[in-house]
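This report describes selected parts of one protein model. Please have the sequence and the structure open while reading.

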Amino acid sequence: MLSLKKRGALSMQISNFARGFFDSSSPLVPVALPSQRETHIWYIVPDEVQNTSLLNQYLKLLSSCERESMFRMSGDKLQKSSLLARTLVRTTLSRYTNCQITPRSFKFRKNTFGKPEIEWGHYEEWSPPALHFNVSHTSSLIACGVTVDKLVGVDVEEKQRKIKNDILSFARRYFSLHEVEHLHAILDPEIQRQEFIKLWTLKAYVKALGRGFSAAPFKTFTIRFRATRSDGLQVPTDLISEASEILVEAFDDPKSLSNNWQFGLLELANSHYAAICMEKENILEGKGNDFMKLKVWKTLPFVEDEYVSGTNAVKIICGLSQCLHL
């Protein structure tokens, strides 16, 4: 945690920097809203953000409560991660208002389970878009997903994440019987580890619901996969890489199987698995497996944005179709 001396020094840096706050930076570029079947992902790599002045600029975007919450965290690395996550959310959402709402003007509220939501104000001659967002971060990558009108959950996990405990023992504590059996059938330890991380990432379903783990424990639903044969028939499969559709079966509501939610799984930045869970729209019903559309940007807010869909930074595993061009 920052000492009072460090906090004072940081506050002084912010004060000295504030005069040229916007003049010294590149403006945010507005982005068209996602379509009804589309999710936008913006991500930032913390290790690439080393400029002190830029971090001070980001800090200025946060509310006083957010800054206090950040400073209460133990260690510079956690504080930086918190700062970048909040900055990513604020700058990303601002783009979808045509920058009419500045990043630091956003206000948020939390739902019953603690998931943040935008608290819009009252605006003359302008109606805010029905934005939904979700943020996920590891120590090495932070991602924010954005949709319009539809709930969304996003999760990212490092591909090389090590599991301290025995994978099957760990899975029995948190996963459904079907998921445990799926992992048990994999003999290669490395493939088993990768499949475990993919399944864990796909639990983004909980984040889309807007509930926490305590409100929707992972054991209360199971992730299933279906593949499409050459004759067009859909059959169950235990191989995520061969799946054409990812389904969720909630044990407290068996009829909800694939009816309300759409999943996508991808590799991001050659280092992470990322899962997206988005609420389906009625127009998708009866149209088969219309994949969720995806657009991805890598960003360093106020410095550089790079559209990376269609590059090696984004590799689709299942359930998504990329928009190669803006």
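## Strand 5 and its partners

In strand 5, Thr 147 is the bridge partner of His 132. The model is a predicted one. Strand 4 (residues 131–137) and strand 5 run antiparallel and are joined by seven bridges. A hairpin of four residues connects strand 4 to strand 5.

Strand 1 (residues 38–44) also runs antiparallel to strand 5, and five bridges join strand 1 to strand 5. In this pairing, His 40 stands opposite Val 146 of strand 5.

## Burial of strand 5

Side chains in a regular strand alternate between the two faces of the sheet. In strand 5, Ile 142, Cys 144, Val 146 and Val 148 point one way, while Ala 143, Gly 145 and Thr 147 point the other way. The residues of both sets are buried.

Strand 5 (residues 142–148) is largely enclosed by the rest of the structure, because seven of its seven residues are buried. Buried here means a relative accessible area under 20%.

## Helix 4

Helix 4 covers residues 76–95. Of its 20 residues, 15 are buried, so helix 4 is largely enclosed by the rest of the structure.

The length of helix 4 can be checked against its residue count. At 1.5 Å a residue, its 20 residues should span 28 Å. The end C-alpha atoms of helix 4 are 29 Å apart, which agrees with that expectation.

## Packing of helix 2 on helix 4

Two packed helices are described by the angle between their axes and the distance between the axes. For helix 2 (residues 52–61) and helix 4, the angle is about 65 degrees and the axes are 9 Å apart. The crossing of helix 2 past helix 4 is left-handed.

Helix 2 makes this contact through Leu 55, Tyr 58, Leu 59 and Leu 61. Helix 4 contributes Leu 83, Leu 84, Thr 87, Arg 90 and Thr 91. By class, the contact of helix 2 with helix 4 consists of six nonpolar, two polar and one charged residues. An α-helix has 3.6 residues a turn, so residues three or four places apart point the same way.

## The chain as a whole

The protein chain has eight helices and 15 strands. It has 326 residues, of which 49% count as buried.

Among contacts in the protein chain with a separation of 6 or more, 63% are between residues 24 or more positions apart.

Terms used: Residues are numbered from 1 along each chain as its sequence is written. This is a predicted model: local features need pLDDT of at least 70, side-chain atom pairs count only at pLDDT 80 or more; totals for chains, interfaces and linings use all residues. Side-chain values use heavy atoms; hydrogens and water are left out. Axes are lines fitted to C-alpha atoms, for helices over the stretch in contact, and angles run from 0 to 180 degrees between N-to-C directions. Helices (H or I, at least four residues) and strands (E, at least two) are DSSP runs, numbered from the N terminus. A crossing is left-handed if the near helix is turned anticlockwise from the far one by less than a right angle, and right-handed if clockwise. Contact means heavy atoms within 4.5 Å. Ala, Val, Leu, Ile, Met, Phe, Trp, Tyr, Cys and Pro count as nonpolar, Asp, Glu, Lys and Arg as charged, and the others, Gly among them, as polar. The expected span of a helix is 1.5 Å times one less than its number of residues. Buried means under 20% relative accessible area, exposed over 50%, partly exposed in between (1.4 Å probe, protein chains only). Two strands pair if DSSP finds at least two bridges between them.
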